[in-house]
Amino acid sequence: MRNEDSSVQATFNSIARRYDLMNRLMTLGSHSRWCKEVAQTVTAAPGVNYLDLATGTGVIARAVRAQSPDSTIIGADFSESMLDVARGVQDNSGIVWQFADAHELPFADNAFDGVTHGYLLRNVSDLDKVLNEQFRVLKPGGVVSALESSPPSGVLAPFIRLGMKVVIPTLGTVIGRDREAYKYLVSSTLGFLTPAALRLRFEQAGFVDVQLKPKFMGTNIIWTARKPG
Ligand SMILES: C[S@@+](CC[C@H](N)C(=O)[O-])C[C@H]1O[C@@H](n2cnc3c(N)ncnc32)[C@H](O)[C@@H]1O
């Protein structure tokens, strides 16, 4: 694993216990609704095998199970502390929690009908490798649906940027108890690709029908893309 990835892994191990609460606060309660939308998108097509990458505490994996109760779902992450929180939630039926690095997925080619992830792409050291891996493990015709943060744009961008730089590290100090980790979350969002550049990377990985739905003044986006059938 590259040094950048080890450092991201250490960050998520450190904030795992308070992550869900912080997430609710940072998105003003919208995160679980967006995760449901990701789950609805990926389960709209027929399918029974799903992979939720960067599953964290498992919010998207559980939303997929709620949409498709008889399916098999793997919730995968490279932070054992996040997976421990996921395993600690009472109702885990139908979901297998598994350690995996998104750069080298331990799954066969064409294994899944759908792949989901939330806030993965801006954290990885090799985006193309991560997208290629998702393409590899999806069945032909399979769908990837992902929630990702995005740098603010438009006339309000300077104000949103300033707000993020002040509010999130402050919440991270008071509630999350790890200011540096939340400063990292802000800088990784502000430094991430524009939507146009990320769309190109999905397409370069081989995906088609790449669509995006902006949320929260474009600071969050739900991405959908398909592996050609
Ligand atoms: C911001 S959390 C999001 C968790 C969850 N998807 C959600 O929406 O609440 C990002 C997660 O990505 C995981 N992650 C980051 N890089 C990863 C990688 N290379 N392989 C697997 N998981 C990774 C982290 O461990 C962390 O749990």
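A residue is counted as near a molecule when one of its heavy atoms lies within 4 Å of that molecule. In this predicted model, that definition picks out 19 residues around the ligand, and those that come nearest are His-31, Ala-54, Asp-77, Ala-102 and Gly-118. A polar side-chain atom of His-31 lies 2.9 Å from an oxygen atom of the ligand. A backbone N or O atom of Gly-118 lies 3.0 Å from a nitrogen atom of the ligand. Tyr-19 contributes through its side chain, where an N or O atom is 3.3 Å from an oxygen atom of the ligand.

The sheet may be considered next. Strands of a sheet pair through backbone hydrogen bonds, and they do so either parallel or antiparallel. Here, seven strands form an open sheet with mixed pairing, and their order is E3-E2-E1-E4-E5-E7-E6. Strand E3 (95-99) and strand E6 (208-215) stand at the edges; each has a single partner strand, so one side of each is left without a neighbour in the sheet. From one strand to the next, the twist averages 15°.

E6 and strand E7 (residues 220-226) run antiparallel and are joined by six bridges. Gln-211 has Thr-224 in E7 as its bridge partner, while Lys-215 stands opposite Asn-220 in E7.

Helix H3 (residues 31-43) touches strand E1 (49-53), strand E4 (112-118), strand E5 (138-149), E6 and E7. The direction of H3 makes about 165° with that of E5. Helix H4 (residues 59-67) also packs on the sheet, where it touches E1, strand E2 (72-77), E3 and E4. The direction of H4 makes about 155° with that of E3.

Which residues of H4 are buried? They are Ile-60, Ala-61, Arg-62, Ala-63, Val-64 and Arg-65. These buried residues pack against H3, E1, E2, helix H5 (80-88), E3 and E4. Beyond its neighbours within four places in sequence, Gln-67 is in contact with Ala-39, Gln-40 and Thr-43. Gln-67 and Thr-43 are 24 residues apart in sequence, yet their C-alpha atoms are 6.8 Å apart in space.

Leaving aside neighbours within four places in sequence, Tyr-182 is in contact with Ile-15, Arg-18, Tyr-19, Met-22, Met-26, Ile-168, Pro-169, Gly-172 and Gly-176. Tyr-19, one of these contacts, is also the residue whose side chain has an N or O atom 3.3 Å from a ligand oxygen atom.

Not counting residues up to four places away in sequence, Ser-150 touches Thr-189, Leu-193, Pro-195, Gly-218, Thr-219 and Ile-221.

Most residues other than glycine have a negative phi. Arg-177, although it is not a glycine, has a positive phi of about 60°. Arg-177 lies in the loop between helix H7 (157-174) and helix H8 (179-190), and it counts as exposed at 61% relative accessibility. Phe-216 likewise takes a positive phi, near 55°, and its place is in the loop between E6 and E7. The hairpin of E6 and E7 has four residues between the strands. At 30% relative accessibility, Phe-216 counts as partly exposed.

Methods: Residues are numbered from 1 along each chain as its sequence is written. This is a predicted model: local features need pLDDT of at least 70, side-chain atom pairs count only at pLDDT 80 or more; totals for chains, interfaces and linings use all residues. Side-chain values use heavy atoms; hydrogens and water are left out. Two strands pair if DSSP finds at least two bridges between them. Helices (H or I, at least four residues) and strands (E, at least two) are DSSP runs, numbered from the N terminus. Axes are lines fitted to C-alpha atoms, for helices over the stretch in contact, and angles run from 0 to 180 degrees between N-to-C directions. Contact means heavy atoms within 4.5 Å. A polar contact is a pair of N or O atoms within 3.5 Å; within protein, one must be able to donate a hydrogen and the other to accept it, and residues adjacent in sequence count only if both atoms are side-chain atoms. Buried means under 20% relative accessible area, exposed over 50%, partly exposed in between (1.4 Å probe, protein chains only).
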